[in-house]
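I opened the model today to look up a few residues. My notes follow.

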Amino acid sequence: MHSAIIADTSCFIRLEKIGETKLLQGIYKKVYTTPQVAAEFKNQLPDWIIIQAIKGDERFKQLETELDSGEASAIALSYEIEDVIVVLDDWSARRTAERLKIHFTGTFGIMVKAKQTGVITSVKPLLNKVRQTNFHFSEEVFRQTLNEAGEQ
C-alpha cells in the first residue's frame, strides 16, 4: 500500500458532500494536494492536508494542455513525492495517468481501501450517501464497487 496520497478536487468535493473527508487521513500517513486543487475546491481544507506546490513547471505546463489545472498539478506532483497514489475521478485524467504509468485510484477506490484497512465497516452506506448528492454513477459502478469491497 502507498504511504501517501495526492487528492484532486473531485475527491475533496465528493467526500466533503458526504462528510467523509477524514477517510483520507485514516488510510494514508500523508495527504497532499496542490495550490491549484485548493483554489478549485474553494472551501477550507482540513489542516492535516499538505498543500505542496510543484517544483518543476515544465511537466505541469505540458499536462495542462490536456487536463484542467487541478488534475494536471496532481499528476505533476506525483513525480516529486515517493510512494504516492493520485486520486483521479475524471476519465481523461485517469487515461493520462495510465499512459504515464502513474499509480491512481478514484474516490470509490478510497472507500474500498477504507474498508480493507478497517477504517470503515461498509462501503454501501457511503455509496448511498453519494447517490443523494449531484454526483451520478451507474448501477454497474455501484455493484462493481460493492464487489471490490466484498459486499455483494
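I started with the contacts of S78. Leaving aside neighbours within four places in sequence, I found S78 in contact with I6, V84, V86 and I102. This is a predicted model, and I read every entry here with that in mind.

Next I looked up where S78 sits. S78 belongs to helix α5. Is S78 buried or exposed? Its relative accessible area is 10%. The cut-off for buried is under 20%, so S78 counts as buried.

I turned to backbone angles after that. Most residues other than glycine have a negative phi. I noted two residues that go the other way.

The first entry is D83. D83 is not a glycine, yet its phi is positive, at about 55 degrees. Where is D83? I found D83 in the loop between α5 (69–78) and β4 (84–87). The relative accessible area of D83 is 41%. That value falls between the 20% and 50% cut-offs, so D83 is partly exposed.

I placed K101 in the loop between α6 (91–99) and β5 (104–105). How is K101 classed, buried or exposed? I read a relative accessible area of 72% for K101. Exposed means over 50%, so K101 is exposed.

Key:
Residues are numbered from 1 along each chain as its sequence is written. This is a predicted model: local features need pLDDT of at least 70, side-chain atom pairs count only at pLDDT 80 or more; totals for chains, interfaces and linings use all residues. Side-chain values use heavy atoms; hydrogens and water are left out. Helices (H or I, at least four residues) and strands (E, at least two) are DSSP runs, numbered from the N terminus. Buried means under 20% relative accessible area, exposed over 50%, partly exposed in between (1.4 Å probe, protein chains only). Contact means heavy atoms within 4.5 Å.
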